[in-house]
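Hello,

Here is the structure I promised to pass on. My notes on what turned up follow below it.

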Amino acid sequence: MKYMFLLNRTTDALPEPGTAEFDQMMQAYGAALETLGKAGVLIDCAPLAAGSAATTVRVRDGETILTDGPSAEIKEQLGGYTIVACADLDEALKWAAIMPAARDASVEVRPIVAVQAPS
Amino acid sequence: MSAQLDQLIRSHWWAAVATLCRLTGDLAAAEDAVQEACVVALEQWPSAGVPDNALGWLIGVARHKALDRLRREAIRGSKEAASMREALETGAEQDASPRAADTLSLMFLCCHPALSLEARVALTLRSVGGLSTAEIAAAFLVPEATMAKRLVRAKAKIRAARIPFRVPDEDELPARLSAILRVVYLVFTEGHMASRGDALVRGDLCDTAIALARGVVGLLPGEPEAMGLLALLLLTDARRAARSDDLGALVLLEDQDRGRWNAGMIAEGEAILEASLRKGRPGPYQLRAAIAACHSTASSAGRTDWRQIALLYAELIRYEPTPVVEANRAVALAMAEGPAAGLVILDALAHHPQLQRWPQLHIARAELLKRLRRHGEAIDVYTSALELEPAPASRSFIARRIRELSS
């Protein structure tokens, strides 16, 4: 059985690399991931860019509608995830539009931040 | 001298930011570098003279500034800055001459539909139009800090989400072009609207919108809707001098001194509109331009071809099925066939939730009631329009009408 942990945070953006907050976050996550890794349960873990960097994709009547930011629709809730590797946002949006969720609810396209593994 | 220099620099801003954006791969870095180059230009050019290739000079200096900054940031250990610097340094051999594809890519970037509409407008005015944050803030009546934050946030999203700097593929082009045209049209209507801010800033927005539309037509020649938009802006802005009286009050189209309309702009707008219509691919901007042309070709208000205008509005509804377009059609119909014909439509629209609080609808209804000599009702409707707190220019117009009807 696989489980997804939804990691919430109290700020929109991640701390800036090079700041004490960033280092602290990396250390704390490094320790947790090491434990998960040793236990053999870890598949993947990565931080997400700020919610303000998100784009919400909806397809209605065959037309793709984009909105800046996360979905504000209270009737919608997180129902799954897909991770894709794309050259840029245009490509990601194109693929997001083919997901069934885009037709009956929405797909939030949020960049995954590439961080170096803690040394 | 200084105003001339400002204008010269602003005329190169778009191409300079676009080239730097290609070289650095980052809009914020590009803009900062060009801004710094402009400061140097303003220091040096008054005494040393303007270089023959002013744009090339600005790009050269901006590139050095960008490199300097990236070196400093790379020392601080930013991985992003290090890779950007690498791009810029290998770009030493890379062609730094401005390219049309760059200027177009910058426009597509700033008008990307993944950004909020207000961010697109602000970004286009800043990065493409070269307006300062303070000027944009003044135009949209928000504090400068708010506008600065909006711009920073938009540029951060472009970077974080990797919104591409390129001309979209053929299949995406129509939708993306219409996103650009929408932003340019919004900039213009913001400037054209006499409802807020001071006249100078407003005129600046209209000029910027026309320059942007001209740029898009130049970069994507033969796109009928881009031509239609440019024609529309020229035909509408040609009436600028006649739109307000000496006290700044709005002068209705029918009361405007047509001798004060800019004949050169009208001729250019009509020629562009004709060329766009010959392409045989009509669209909303061409229709709006055709409506504007109906007014500009009429030698007097009385000779306006209202029947044709009503038909054009009916056609426009197919593209924009909004109550506002319907209200405009009603007004045209009232002019063509008599006030009663228009009033029927406006009465129905008066209850539309989207229009209830729109003073223009009430003013139009009141005007028709006045023409039908239903003065008492007209005064009531004018009064309710006043309660919606219309723009100062409209307010004094309404007050005058109520006085006329009451006496």
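Let me begin with helix H11 (residues 224–237) of chain B, which has 14 residues and reaches 20 Å from its first C-alpha to its last, close to the 20 Å expected at 1.5 Å a residue (the expected span is 1.5 Å times one less than the number of residues). Of those 14 residues in H11(B), 13 are buried, meaning that 20 or more other C-beta atoms, placed from the backbone, lie within 10 Å of a residue's own.

A word on conventions: this is a predicted model, where local features need pLDDT of at least 70 and side-chain atom pairs count only at pLDDT 80 or more, while totals for chains, interfaces and linings use all residues. Residues are numbered from 1 along each chain as its sequence is written, and chains are lettered from A and ligands numbered from 1 in the order in which they are written. Helices (H or I, at least four residues) and strands (E, at least two) are DSSP runs, numbered from the N terminus.

Also in chain B, the axes (lines fitted to C-alpha atoms over the stretch in contact) of helix H1 (residues 2–24) and helix H5 (residues 100–110) come within 8 Å and cross at roughly 90 degrees. That makes H1(B) roughly perpendicular to H5(B) (65 to 115 degrees, on a scale from 0 to 180 between N-to-C directions). Among the residues making the contact are Trp14(B) of H1(B) and Leu106(B) of H5(B); contact means C-beta atoms, placed from the backbone, within 7 Å.

Between the chains, 14 residues of chain A are in contact with 16 of chain B. On the chain A side, H2(A) gives the largest share, three residues.

Best wishes

Notes:
Two residues are in contact if their C-beta atoms, placed from the backbone, lie within 7 Å. Angles under 35 degrees count as roughly parallel, over 145 as roughly antiparallel, 65 to 115 as roughly perpendicular and the rest as oblique. A residue is buried if 20 or more other C-beta atoms lie within 10 Å of its own, exposed if 12 or fewer, and partly exposed in between; C-beta atoms are placed from the backbone.
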